[in-house]
Every structure is written in structure tokens, then in C-alpha cells.
Amino acid sequence: MLDLFSIFSKGGIVLWCFQSTSEIFSPSVNALIRSVILQERSGNNTFNHNALTLQYKLDNEFELVFVVAYQRILQLSYVDKFLNDVHLEFRDKYKNELQTGRYNSDYEFKMCFDKVLKECENWAKSQAKIPKQMRTFEDSQKSKKTVASMIERKGDEKNKKSVKIVESKNLSNGKLEEPSEQEDDVIAANRAKLAQKLASKNKKEPKKSPKSPKAVDRVKKPRVWELGGGSRDLPTLEYTTDKDAVPNDIMPDTQLVGQMTGAIKDLEVESDYSSSDDDVDNTQPTAKKSGGMFSLFKGLVGSKALSEETMRPVLDKLRDHLIGKNVAADIANKLCDSVATKLEGKVLGTFETVAKTVRATLTESLVQILSPKRRVDILRDCMHAKQEGRPYVMTFCGVNGVGKSTNLAKICFWLLENDLSVLIAACDTFRAGAVEQLRTHVRRLDALHPMQAHGRRMVHLYEKGYGKDAAGIAMEAIRYAADSKIDVVLVDTAGRMQDNEPLMRALAKLITVNQPDLVLFVGEALVGNEAVDQLVKFNQALADHSATNDPHVIDGIVLTKFDTIDDKVGAAISMTYITGQPIVFVGTGQTYTDLKALNPDAVVRALMK
């Protein structure tokens, strides 16, 4: 049973609506528009929201959307057929009104709707009564074999092992037919060979030398290394605690100071945009610049509507191009399906080609995906938290070796440049050297922004050593920052693989207990299909292992090692498409100033060149 059926334009005008219950469906339809249609994710025509399943169909010629909503628990097999039939019925009946754009007309569609719905329900009942058909020969794997694969060649017999199958035949009196005397001779010969082999093994065993008596356990003596030092040298070799007596002899690079003030600069990707796939179609390069009667003629004369068959060669070529640029294969398929759904039925102008139209639509979709749905202004949020008298907390998570600590230090330098004091919480209590790495960064950052220049100490490190509970250390660090009036807390966590359930539980506990303002996933720009697996499982683990009804999942992405990939920027598309969250920072080098903001246009140009 359908709960809702609605026909509305892409401009938001509802042409006709049917509702069988008093339930309010506006939040579900708005979620479909916001999360699927506007975000260029229309490859799959099914969308789940709360307890409802929504299926939709786009009419690209008249810019219409047909939406059906029903309870998710129901299994309605006729919805796809119903959408297609009601779409054709509505187009045929009101074609003149739709061509003139009269969306405010009175559309009397109730009788046609009931008729189509009843026909589809009867069709579903009749299909359910039909017994399941057996698979035909054309559907089997054997039908796909070629004649060449079934031809036996001369040298193939040597590689094949002959297996003799002995079948027992039932006689008319119910007794089994005894094997022939020749078969008895073969069995007797095999038994003789087996007995001979066993006898040869038994003869070889006495020739083995007797075991030597068990040696007396020797105590391993410690190896004495030259210039190794002794117990009296331990105080000078101890680096796990800071020494007040050791002067801070770090020479700061003063040229870095002042370069990161204000908002982060946009990423610049060097690429010469060229449509090498479609240069052959550029027969009228100046058609768009002409006007007057020529434009009127172009609008009047149109070619046939786009179909799946005409777009498929271009989409296949673009899909291979995206995969070659490091976009995950699954994401590339979904993007091409979304473009096909968006363009199917659209009528091209006289001087427009299929390749150009598909390429332009894919480019628009990529820019739309990379453009953030919400603005992430960390400086504004930090100032707002400061006015509330609390620190702004950011947590960094990700797999091993992606550069969490290094990029945390870059972000810390950017915050110091904007006169915000920072506390770094060393919650990576697992990896050897993690605390010492952060301590080195703190010393260097403190040398770049000393206490004398700001009137207070700007960067602090909160650490409790190794083997402790990371969630407890983060809680203590946030409390210490609030008491000390520190503006921002950056929480560094241990690297963990997405399949390691105990470590994922620990990360979910840290986020649930401390409720940070921003959870950033740090990922490499080098990964392809692995990016999808990492983000999906990190998000799923944070949701599954959280003790709250509204779990805090990933809020943004830090894309690292962007300077090592040239123009293979597909990981940005894969990560943003999976989570729907923006890429907040991009790491482009080894120094503190190598931190950029993502520029969607530049990334798409590099991706499509």
C-alpha cells in the first residue's frame, strides 16, 4: 500500500499529490531532495528515511520528479513498474501544459492514478502466482563457452590425469554386477605397489642415527657492546621526561611566522584542462557566442532525446578515466549511473553533442559533490567557544602512518598564527615515540611563537606516558584546558586499522565520553578503493560502538600527502562521496605552512583533464 505519491518540479512546485494517511511526509521528501537529488547521487532510485522507503523517477525533459513513499517493512514488487507507467500516463495527458511551463494548472489526475495503481497491483499478484522458471541454456555458463575452448589439442592429454570411473549396474534379480577379472588384476597390482612402498620405508628407518643425548640448558649471557655505557649513563640517555636544565637551543625559522594568518589559502592544482576525448566533436566552437536569429533557430531545431544506449560508450570511457585518476571503482560506477539518470530523456540542441553534454554534466556533478553542504569555519567556532568560556576540541583519527601527528602540528601552527592558545593531548599511548614526536613539535612551535611575543605561553602538551586509557587522558586534558583558559584542544589518537574491533571500540569510547566539537578523519591522497572501506567502517564503528542514540561520527576529512599524487586526485571524490562530509584541510608538504583548503574547481579540472 502506498502512503504517498507526489509529482513536483525541480523548482519545488507540487503539481499533484496523493496521500493515504495523515502522517507528515515533508521531512522525508526534503531529505530525499537534500541528500540525493541536490547532491548528484541519483544513480540509485531508492532512498530510506526513518521507517519509510522512497522511490523516485526523474523526467529530465520537463524537469519533473515522481516520488512514491511506503513503509520500509513492506516488499512491494510493483513500485518500479508503477513509476514508469504513471510517468508515461502523466506526460501523455498533460504534455501541452508541461511544454508551455504552466505548472499552476489544475491537474485532475486522480482517476488515471487509481487506474494505473490497480493495474500494477493486479500485475504483481499475477506475477506472484507464476511458478519460478528454470534457468535456460542461454543463461548458463556452458552457453558462453566458445568452440575453440572445447577443441582438444594434441598436447593436452599429457597434462590431464585420467580417472577411471567404475559403475555398478543393477541386474534384474536385484544383485549388483561383479567387476570383471581385469579390474581385479588392477586392484591387486595397486595393492602390491603399496605394500612395496611401505616395506621400503620400514627398511630405511633403522639406518637413522640414534638421537644425541639432551644437552644441558645453557644460560644466555648478556652481550656487552662496545661504548654501550652502564647504569651511570642512564640519566643522560633518559629522554622520556623534559629536562629543565637543558636549554631550548632550537633555532626557529622566522620566515614561517605570519604566513598562515587568517583563513587558509585554497589549493592550487596545476593542470591544463583539455577535452581530448571530444575534440573531434568541436565542429561549431562559436555557436554559443552567436545570438539573434541564430539562437532562435538553435532553440527551434532539436535532435532526438538522450537514451541509455547513446550515452553508454561515453560513460564507459569516462568511468575508466575516473578509475585511472584514483577514484574508487564503485564510486566511479555510481557517478556515471547518476549522470545517466540525470540526462536520460533530455533533448539536445542542434549543435550539442552527446560527449560534450555528458562530460559537462559529470563535471558539474563532481563540483557539486566536492562543495561542502555546510560551511566549516574553525576560527569562528573557536572564538564562539572562547566566548562561552570553554575550549574548542578537535579529535584526529585514522589508520596507521597517514600523518595524523604531523598534520595536527600544522593545524596547531595555523591556530597559533591566529592568536589562539593550543593544548595538544597525547592520547596515542600505543606507538613507540608518539609522545616524543609531539614533544618535539611543541618545542619547535613554542620557539616560533614564544611567550614574549604573546604575553602568555601559546602551546602546551598534556601527556601521561604510554599504556594508559586514551579516553581518560583526553578528559583530563580538556578539564586542564578549561581551568587554564586555553582556547583549543587537539586530541591525537593512535592509528588503527578499520577492521580492528577492540581499537575501534576504544576510539568510539573516547569520542562518546569527551564529545569533541569536531572529529576529523585523516586519510592519504594515495589510496583508491581502500578509502571507501576505511571511511565506511570508521563511520560504522563509531555508530555501532557508541552508547548514545545520536552517535558522533566523522565531521570532516584531512587529506594528506597531496603533493605526491600529481593529478591523480580521485581520493578526494571517493572520500567526500562516501561520507558527504567536507574536506577541511589538505596537506601538501613537510613544513608547518604546507596546509591548504580544498578548491573544488581546481580538483575537478585536474580530474577531468
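Colleague: Why is I554 called buried?

Modeller: I554 has 1% relative accessibility. Buried means under 20% relative accessible area, exposed over 50%, partly exposed in between, with a 1.4 Å probe and protein chains only. So I554 counts as buried. This is a predicted model: local features need pLDDT of at least 70, side-chain atom pairs count only at pLDDT 80 or more, and totals for chains, interfaces and linings use all residues. Residues are numbered from 1 along each chain as its sequence is written, and side-chain values use heavy atoms, leaving out hydrogens and water.

Colleague: Where does I554 lie, and what is it in contact with?

Modeller: I554 is in the loop between α19 (529-544) and β13 (556-560). Helices (H or I, at least four residues) and strands (E, at least two) are DSSP runs, numbered from the N terminus. Contact means heavy atoms within 4.5 Å. Leaving aside neighbours within four places in sequence, I554 touches V519, F521, L535, F538, N539, L542 and Q581.

Colleague: What makes α2 roughly antiparallel to α4?

Modeller: The axes of α2 (residues 79-93) and α4 (residues 110-129) cross at roughly 150° and come within 10 Å. Angles under 35 degrees count as roughly parallel, over 145 as roughly antiparallel, 65 to 115 as roughly perpendicular and the rest as oblique. Therefore α2 is roughly antiparallel to α4. Axes are lines fitted to C-alpha atoms, for helices over the stretch in contact, and angles run from 0 to 180 degrees between N-to-C directions.

Colleague: Which residues meet there?

Modeller: From α2, K81, F82, D85, V86, E89 and K93. From α4, C112, F113, V116, L117, C120 and W123.

Colleague: What is the span of α10 set against?

Modeller: Helix α10 (residues 308-324) has 17 residues. The expected span is 1.5 Å times one less than the number of residues.

Colleague: Where does α10 bend?

Modeller: At V314, by about 30°. The bend is the angle between axes fitted to the seven residues ending at a residue and the seven starting there.

Colleague: Which residues of α10 are buried, and what do they pack against?

Modeller: M311, V314, L315, L318 and L322 are buried. The buried residues of α10 pack against α11 (329-343), α12 (354-370) and α21 (600-608). An α-helix has 3.6 residues a turn, so residues three or four places apart point the same way.
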